Amino acid sequence: MSTKLWNRMVVFILTVIFALLCISRVGLAQETWGGEPLLPIPENPAEGFQLFYEKGCMECHSIGGYGGTAAQDMTKAVTEQSFYGISQMIWNHVPKMSEKYEEEHIKWPPITSEEMAILMPFLSYLNFFDKPGDPEEGERVLFREKCVNCHRVGKVGIVKVKPLDEFKRYKSPVFFVTRFWNSGKAVNKTLQTEGIDLFEFEENDLMDLIAYIKRSGFGEAGGESIYLPPPNPKSGQRLFLKKGCINCHPREGKPREAFEGVAVGPFSHIVRRMLNHTMWTDPDHPDMPLTPEEMSDLVSYIYFLSYAARPGNPEKGRHLFVEKKCADCHGADVGGGTLVPEFGPASNLKTPLDVLSGMWNTAPEKMKKEMLEAGVPWPQFEEREMADLFAYILSARIE
Ligand code: HEC
Ligand code: HEC
Ligand code: HEC
Ligand code: HEC
């Protein structure tokens, strides 16, 4: 190879590496909101399962039927997705939960903020799993959306294109929705020639469809089942750039804003919006094929954007701090009591994880006892209120 060609190649390779570095810097830098870093998108939300076990949570709570029975199964109990939503669930239930700890003679376990960083994504992740659908409803969807005009499933429909029976054998809904998504362009072209409207899937439609295929599709019942590794939202974040989703979904460079309030789980509820996608009717837009792993990573990324929710409003939080009687004990700054110092200069609460860990560790022994004595009822919060409260506590700190 000539030196000139060699030099050119080296320059080319360096440029590519540089460009890649820039992309990852722009896309994957820690997102901030009003100068505050947001909670990071997790790499492996399943990791917290071990901690959930080690901290003794399974003495009372089960996961998918396995574990203690003194409290609800966590897969049913967790109905929130965002960090603040789950914080609120934990906080609101402290009185009853700590009573149970006393009853069962179990020691309230301390949880550090580093541990909260692992435990919280796991609790949120429990809400990512779909509940099984209803086959009767699924049959209605097959007719309503006219799937039966082109596909056969079991005894219904006509075989214009592939029958859908094959999907009977998969355990996870990911395979069905990925193959559906990958056919996007072809489906939409045939829809247009047949004069059928674009799909409009509602909340449980996809799981209902799958339930119908599983019940009534031809093929071996309970046949081959294929599992996927747990999703990696962080890798989904990279795919969002690599696959070009970002080209249409930035809204001021922030996917968060495009999906806020929309990307509410479980998995199939987010995917149904992707399958309603009008982009396929755009003749210039090519298919965007994904593997099942990529689909599950991408959707989990969109889901965890809502986990790492935007912080609240410190001004509102300050009002709540007084209204909900936190100020009775904390902080002279808001004209309250001085039993414990306000979260001021000496505070080492720097992130929402620190605040949550601080609240968890002191809730039953210190706060609950004091509140009982003072006759203050345990204050209850909603998701956004929790965010506002945390924002206030963090804003009270001085760097
Ligand atoms: C000694 C039994 C016990 C242990 C151990 C326990 N919990 Fe609970 N937990 C309860 C009870 C009882 C409730 C329901 C309280 C209520 O109804 O107000 C509850 C409720 C909850 C809720 C709210 C669920 C809902 O229905 O809204 C969350 C979240 C939670 N626990 C998380 C945890 C975590 C995380 C751990 C481990 C660090 C843990 N729990 C350990 C007894 C326990
Ligand atoms: C107007 C015709 C038409 C309608 C209506 C239609 N599809 Fe399809 N579907 C297609 C075409 C064309 C393909 C691509 C087939 C291929 O690639 O060979 C396809 C592919 C699929 C695939 C992927 C199949 C595979 O084996 O990879 C799934 C899943 C699917 N459709 C589900 C549905 C569902 C669910 C409905 C109803 C909500 C529906 N389709 C309605 C025409 C249609
Ligand atoms: C060509 C532009 C374009 C590309 C590329 C694109 N989208 Fe979209 N997407 C849209 C538009 C426009 C909407 C608004 C709703 C619609 O089209 O039905 C949307 C809606 C969505 C929604 C639902 C949001 C809502 O408000 O209901 C999700 C989720 C989504 N897209 C995910 C993705 C993912 C993941 C990718 C990459 C694999 C992607 N999109 C690529 C244009 C695009
Ligand atoms: C009845 C008195 C009382 C009330 C009311 C009260 N707290 Fe506390 N709080 C305490 C005590 C006592 C501690 C433990 C302080 C210590 O360990 O130094 C504490 C600790 C904390 C911590 C941990 C601080 C740290 O540095 O780790 C946080 C966060 C907190 N409280 C938030 C709140 C919030 C939010 C409210 C209102 C919903 C509230 N507190 C209501 C008495 C109270």
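**Close-up views of a predicted model**

Of the 399 residues of the protein chain, 48% count as buried. The model is predicted, and the legends below go from the whole chain to single residues.

**Figure 1. Overview of the protein chain with its 18 helices and six strands.** The chain exposes about 21300 Å², and 58% of this area is supplied by carbon and sulfur atoms. Among contacts in the chain with a separation of 6 or more, 74% are between residues 24 or more positions apart.

**Figure 2. The shell of 22 residues around ligand 2.** The residues that come nearest are Lys146, Cys147, Cys150, His151 and Arg179. Two elements give two or more residues to this shell, helix H8 (174–182) and helix H9 (184–194). Helix H9 gives the most, with five residues. By class, 14 residues of the shell are nonpolar, three are polar and five are charged.

**Figure 3. Polar side-chain atoms of His151 and Arg179 beside ligand 2.** For His151, a polar side-chain atom is 2.9 Å from a nitrogen atom of the ligand. For Arg179, the distance from a polar side-chain atom to an oxygen atom of ligand 2 is 2.8 Å. Both His151 and Arg179 are listed with the residues that come nearest to the ligand.

**Figure 4. Lys146, a residue other than glycine with a positive phi.** Phi of Lys146 is near 60°. Lys146 sits in the loop between helix H7 (135–144) and strand S5 (152–153). Lys146 counts as partly exposed because its relative accessibility is 40%, a value that falls between the limits of 20% for buried and 50% for exposed. Lys146 is also one of the residues that come nearest to ligand 2.

**Figure 5. His105, with a positive phi although it is not a glycine.** Phi of His105 is about 55°. The residue is placed in the loop between helix H5 (94–103) and helix H6 (113–125). His105 has a relative accessibility of 75% and therefore counts as exposed, the cut-off for this class being over 50%. Most residues other than glycine have a negative phi.

**Figure 6. The cis peptide bond between Gly265 and Pro266.** Omega of this bond is about 5°. Pro266 belongs to the loop between helix H13 (255–259) and helix H14 (267–275). Most peptide bonds are trans.

Methods. Residues numbered from 1 in each chain as written. Chains lettered and ligands numbered in written order. Predicted model: local features only at pLDDT ≥ 70, side-chain atom pairs only at ≥ 80, totals over all residues. Heavy atoms only, no water. Helix = DSSP H or I, 4+ residues; strand = E, 2+ residues; numbered from the N terminus. Buried < 20%, exposed > 50% of the residue type's maximum accessible area, 1.4 Å probe, protein only. Contact = heavy atoms within 4.5 Å. Areas by Shrake-Rupley, 256 points an atom, 1.4 Å probe, with all protein chains shown as cover. Near = heavy atom within 4 Å. Polar contact = N/O pair within 3.5 Å; in protein donor to acceptor, adjacent residues only side chain to side chain. Nonpolar A, V, L, I, M, F, W, Y, C, P; charged D, E, K, R; others polar.
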